[in-house]
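Please keep the sequence and the 3D view open while you read.

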Amino acid sequence: MNEQTVTIDAATCLYGIIGRPVRHSLSPVMHNAAFCRLGINGVYLAFDTDDTARACMSMRCLGIKGYSVTIPNKERIISELDEPDETVLRIGACNTVKNSAGRLFGTNTDWIGAVKAIEKKMDIAGKTAVILGAGGSARAVIYGLKKSGVDVTICNRTVEKAEKLAKEFNCKAAGIGHAEKIRADILINTTPVGMGSLSGTSPVSGQGVMNYGLVMDIVYSPPVTRLLQYAMNAGRAAINGLEMLLVQAMAQFEYWTGRPAPEETMKKALEYAISHETH
Ligand code: NAP
């Protein structure tokens with residue numbers, strides 16, 4: 001990989017991810033590989049905590065430079081920040097914190113991950129999209145799509161939640177079954193259907209998938225979900241959750257360091273970690 005050697009010493013900067021659970025996180029391998037590649041004297045660790053107040057106090061006290069923030073901390077950390085940006089306030093979730101001389105700045109890069117992953121395959125301005133789910137990640141994806149000029153319909157199991165979100169972001173809303181019937185350029189699954197105990201199941205049928213030009217699943221384990229299998233079988237463009245994970249991590253890296261993230265290095269580290277997962 002042609003990586004530089006980095007010595008951990010008294011000047012090493014500390015970064016990490018705060019979440020619970022967090023031991024499964026793929027963020028440390030990506031960020032540490034990037035630090036090595038660019039010869040940055042930094043280390044990125046995983047911190048298993050749901051105590052955002054003390055995590056932020058530690059950040060200020062110990063001079064920890066940056067956090068990635070994951071479940072269940074993305075919403076509750078906002079009140080600990082000195083300067084949450086517009087993305088945090090609109091999405092209502094923060095996945096990235098930067099410590100600048102003791103002031104904590106917060107942003108959200110999940111929406112960038114979703115939008116850029118799609119833009120690699122198609123221009124999205126003026127397109128139509130169906131979003132499955134109305135939870136935290138749906139909010140980030142919808143924020144990004146609306147900002148990019150996409151006409152969005154939210155389809156959710158609990159239709160009232162879809163309606164509430166649709167009002168906030170000026171979208172249309174329906175029950176999840178509606179996704180079988182309507183046509184759109186893009187379909188994005190933001191529900192956990194397809195992972196864990198729901199592995200092997202799909203939120204939309206093989207027939208329903210034919211109504212869309214491009215299908216993205218933000219579930220990344222397994223990398224190819226049943227939904228994406230349907231899309232590929234139907235000859236549709238398919239994007240897996242690892243793409244979004246990679247791009248949102250690259251945006252975090254750039255937010256912290258001010259340097260372009262080494263995409264190939266981070267991608268290889270991610271793929272290596274996925275192929276060596278033991279669970
Ligand atoms: P969340 O806030 O809990 O929202 C989950 C959404 O999925 C809700 O709208 C819920 O519907 C729906 N849902 C849950 N179980 C369902 C089922 N069995 N059938 C149909 N709908 C169901 O979760 P989240 O934080 O948005 O995360 C969702 C997924 O995104 C997770 O799998 C997470 O790993 C993944 N994710 C990936 C990335 C990435 O970078 N690739 C980033 C963030 C999250 P109700 O409203 O009816 O309960």
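## Terms and model

Helices (H or I, at least four residues) and strands (E, at least two) are DSSP runs, numbered from the N terminus. This is a predicted model, in which local features need pLDDT of at least 70 and side-chain atom pairs count only at pLDDT 80 or more, while totals for chains, interfaces and linings use all residues. Residues are numbered from 1 along each chain as its sequence is written, and side-chain values use heavy atoms, with hydrogens and water left out.

## The chain as a whole

The chain holds ten helices and twelve strands. Its radius of gyration, taken over C-alpha atoms, is 19 Å, close to the 19 Å that the globule rule gives for 279 residues, so the chain is as compact as a globular protein of that length; the rule itself is 2.2 Å times the number of residues to the power 0.38. Along its principal axes, the C-alpha trace spans about 60 × 40 × 35 Å.

Of the 279 residues, 48% count as buried, a word that here means under 20% relative accessible area, whereas exposed means over 50% and partly exposed lies in between (1.4 Å probe, protein chains only).

## The largest nonpolar core

A nonpolar core is a set of buried Ala, Val, Leu, Ile, Met, Phe, Trp, Tyr and Cys residues joined through side-chain atoms within 4.5 Å. The largest one has 36 residues, of which Ile118, Ile142, Leu145, Ile154, Ile188 and Met216 touch the most other members. Among the elements that give two or more residues to this core are helix 5 (136-147), strand 8 (151-156) and helix 6 (159-169). The core draws at least three residues from each of domain 1 (13-108 + 243-275) and domain 2 (112-239), with bounds that come from an automatic or database domain assignment.

Leaving aside neighbours within four places in sequence, Ile154 is in contact (heavy atoms within 4.5 Å) with residues including Ile131, Ile142, Ala162, Leu165 and Ala166.

Which residues of helix 6 are buried? They are Ala162, Leu165, Ala166 and Phe169. These residues cover an arc of only 105° around the axis, which puts them on the same side of helix 6; the arc is that of the directions from the helix axis to the C-beta atoms. Their cover includes helix 3 (86-91), helix 5, strand 8 and strand 9 (172-175).

On the other side of helix 6, Glu160, Lys164 and Lys167 are exposed. Just after this helix, Asn170 takes a positive phi of about 60°.
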